[in-house]
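Please look through the sequence and the model below before reading on. The text then goes through selected strands, side-chain contacts and surface features in turn.

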Amino acid sequence: MWGNATEIGATETALTEGWNLVLTEAGACALPADVPLSSQFIPAPVPGTVAAALERAGQFDRDNPEPLNGKDAWYFCRLFDEQAGEAVLRFRGLATLCEVFLNGQLILSSESMFMSHEVPVTLAGGDDLVLCFRALEPRLAEPGPRARWRPQMITPQGLRTVRTTLLGHMPGWCPEIDAVGPWRPVTVLRSGPEVLRQLSWRAVVTDEGERCLYMSLRTGREDPTLILRCDDRQQSFERIGDGQYSAILKLPEAALWWPHTHGTPRLHDVTLVVDGEEHFVGRTGFRHIAVDTGADGQDFALLINGERVFCRGAVWTTPDIVGLPGGREDYARWLELAAAAGMNMIRVGGTMAYETPDFYRLCDELGLLVWQDFMFANFDYPKTDRAFLGHVQAEAEQFLEAVRPSPSLAVLCGGSEIHQQAAMFGLPAQFWGGAIPDEILPEIAGRLRSDVPYVPNSPYGGAMPFSPNAGVTHYYGVGAYCRPLEDVRRAEVRFAAESVAFAHVPQQRTLDRHLAAPAVHSPLWKARVPRDRGASWDFEDIRDHYLQDLYGLDPARLRRQEGPRYLDFSRAVTAEVIEAVYAEWRRDGSSCNGALVWTLQDLLPGPGWGIIDSTGEPKPAWYAMRRAFRPQQVLLSDEGTNGLDIHVINESADPLDAELEIVCLRAGQQQVVSGRRELSLAPRTKEKLASTDLFGAFFDTTYAFRFGPPSHDVTIARLHSLVTRTVVAEAFYFPLGRAEALHDTPLETSLSCEGETWFLDVRTEKLAQSVHVDVEGYRPADDWFHLAPGTVKRIELLRRPETQPDAAPTGQVRTLASARIFEI
């Protein structure tokens, strides 16, 4: 589970069974023998948390969590299956203040959730292993060194002196569930003198394009024959010290790793041959990453293998806020949905937790770049506490060593909103940073992952660290600050590591099954709406602002009188905003080089920030991102009296031969003007055209000149592949606004099956906005889409895991403009 091999010839056994949990009052028991035998012993999963064990036992409610940091948590396990002899106990992660006892003797004290430990022991057979997680609450109440500022969003302030996750400590942001317990694996490691240990390896592409594979190791073998193999090439190791060996394997023809939007994420198997015996070590990829800061030094663009890549994606939270799991199966569905939406970057923010190497291995395979914060956020962290700084150094080194072979790691960042917090409290620039982000972390990053750019903090750059027109920003102009959509261009965003947060409403199937409460008015519903602590508004208010702005409807009246319709408009509006914002950011001539939405997944069912709900169901906003993130794309931009521009993008590694079509419709149906042209775009290029170039004459496409009444209410651009004869992408522009183009129109539907795959065909005679497909047992590949008249849209229906293979789809289709339902 823990990624690529670090030892060869050793046996590692995970201690997952036989654990029992006991909770005692803080400080009541000093030793395992002090825990009363009459205590309630609860079976506990390891790896896992106290909350997960209690929830499994029916004693914890994630909807109404009880504090867990005020008690001591004891984990007891008898090692019945472990034979006597020398061994190493390996603890991958203990949250947070933990004492480890073996046969009643203290063998380890840990004060960091993010550090792993190895303890050499002599087992007697049938040994008693006990973990005691001391109450964190008393430690958090202790006064620490004086802070220059106190962030409001995180509580309590004592968290700045303890190395633990901020998840559970951000009221209004996430459930207040305390992370306590052995959240990462506990294992027994057996080895001998002939074991190969301390394997460290990485793939490098130099600035000159040379591909090299580096590996070093240590062994007690006498004169071993060691060979490094990859891609039918091999290199013998050289002895560089007592028991130390290294090899450099040059691979001039090795295929490069690309983010999946721009090419193939090619991975290479790495094998170590030890005295004639082959051992699979892991997989890696070759890629070169650089940051282009532009002529003014204020830009921030990632160059992957020399190509500028527009990064888009979301900020990661956790697969499960209760258990904080770290297995491949825990990550897979979320990351697969991210890739399926056309994302090419995931950010692990400083308010979260480090994920296991399985996370990065999946990102390697899926072609997802990872922006990785170290786990620091908002606080003024201690600068002279040697023990604290020692924990920081150890956690950073251990994390980077564990993910050293991963090509997906694209940016390392010193933390989240520390500079911003200091600046907003009025401190001058020389006080924004500190020893951790400016000295300790960049030194470690440069030593262990010199191939990955380092950013001191996010946001960073500009007159203020949060200024969107320089460096890295967190852009919430459109979103929390209720700026008009035009602000996306006015802000001149260079790179947004966070952006466009909304209270996205889940699909109705999720609400029916997991949130049985009246929408909006119920306290349970409101408890699921994110808010900034202390603010007089929440993110549902933000969504309502744009609902009124885009559709001209009164949200208060709508939700009071037409609840279901209000929810549908709420679903549609955040999807529309996302498509509009990314169309501006991706157009030819945009200053933006990348933007990530806040966040990928919800922590509880409800109208959270996530574009995927906590059950794993994509929200309407996910489908909007899937359309907005297409590598081969067509976009429309309103340039006022300069007309309507068409932007065609081809980010893929293959040429794009296509026909571009544009049409303006009156009343969503009658063609007023149209044009078409064949295009050929080279790989990873874009082209801008004026719509009048296709019309062959002047036409007031944007209704900027207003010579008489408007002649049309929608313009549709469509990109047809000349190779596959399919529609590659569509774009819709509403010169009079979306409300003026809402047409109550019937839909025609039909089902077909090709092999084992079902398809739904939908057709309309008049423009239909935000068409929603609800099919029992299947998830549509596209949803909440606009449907152009006179064409058939074919939608693949993806069978849900619980659906029988022979089950035929049944369901309904409807549009935003009407309450009418059309049966499938």
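The model is a predicted one.

Begin with strand S10, residues 186–190, where five of the five residues are buried. Cover is found on both faces of S10: Val186, Val188 and Arg190 are buried on one side, and Thr187 and Leu189 are buried on the other. S10 pairs with strand S1 (residues 11–14) in the antiparallel sense, through four bridges. Within that pairing, Thr187 of S10 has Ala14 opposite. Strand S5 (residues 85–91) is also antiparallel to S10, again with four bridges. Here Leu189 of S10 stands opposite Val88.

Strand S6 covers residues 98–102, and four of its five residues are buried. S6 runs antiparallel to strand S7 (residues 105–110), with five bridges between them. Cys98 has Ser110 in S7 as its bridge partner. A turn of two residues separates S6 from S7 in this hairpin, and Asn103 in the turn has a positive phi of about 50 degrees. S6 also pairs with strand S9 (residues 127–133), antiparallel and over five bridges. In that pairing Leu129 in S9 lies opposite Leu102.

Is Ser637 buried or exposed? Its relative accessibility is 6%, so Ser637 counts as buried. The side chain of Ser637 makes a polar contact of 2.8 Å with the side chain of Glu639. A polar contact of 2.8 Å also links the side chains of Ser637 and His647. Leaving aside residues up to four places away in sequence, Ser637 touches Arg489, Arg587, Gly643, Leu644, Asp645 and His647.

Salt bridges come next. Side chains of opposite charge can pair when their charged atoms come close. How many salt bridges does the structure hold? There are 66 salt bridges. One of them joins Arg528 and Asp63, with 2.9 Å between the closest N and O atoms. Arg528 sits in the loop between helix H10 (523–527) and helix H11 (539–551), and Asp63 in the loop between helix H1 (50–56) and strand S4 (71–79), so this pair ties together parts 465 residues apart in sequence. Arg528 has a relative accessible area of 11% and is buried, whereas Asp63, at 39%, is partly exposed.

Arg283 and Asp269 form another salt bridge, their closest N and O atoms being 3.3 Å apart. Arg283 belongs to strand S18 (residues 277–284) and Asp269 to strand S17 (residues 268–274), 14 residues apart. Arg283 is partly exposed, at 35% relative accessible area, and Asp269 is partly exposed at 41%.

In the salt bridge between Arg483 and Asp487, the N to O distance is 3.3 Å. Arg483 is partly exposed, with a relative accessible area of 36%, while Asp487 is buried at 7%.

The last stop is on the surface. A nonpolar patch there consists of Phe698, Phe705 and Phe707, which together have about 380 Å² of accessible area. Phe698 is found in the loop between helix H15 (691–695) and strand S35 (714–721). With a relative accessible area of 56%, Phe698 is exposed.

Methods:
Residues numbered from 1 in each chain as written. Predicted model: local features only at pLDDT ≥ 70, side-chain atom pairs only at ≥ 80, totals over all residues. Heavy atoms only, no water. Patch = residues over 30% accessible without salt bridge, like charges linked within 9 Å, V, L, I, M, F, W, Y side chains within 5 Å. Areas by Shrake-Rupley, 256 points an atom, 1.4 Å probe, with all protein chains shown as cover. Salt bridge = Lys/Arg side-chain N within 4 Å of Asp/Glu carboxyl O. Buried < 20%, exposed > 50% of the residue type's maximum accessible area, 1.4 Å probe, protein only. Polar contact = N/O pair within 3.5 Å; in protein donor to acceptor, adjacent residues only side chain to side chain. Contact = heavy atoms within 4.5 Å. Pairing = 2+ DSSP bridges.
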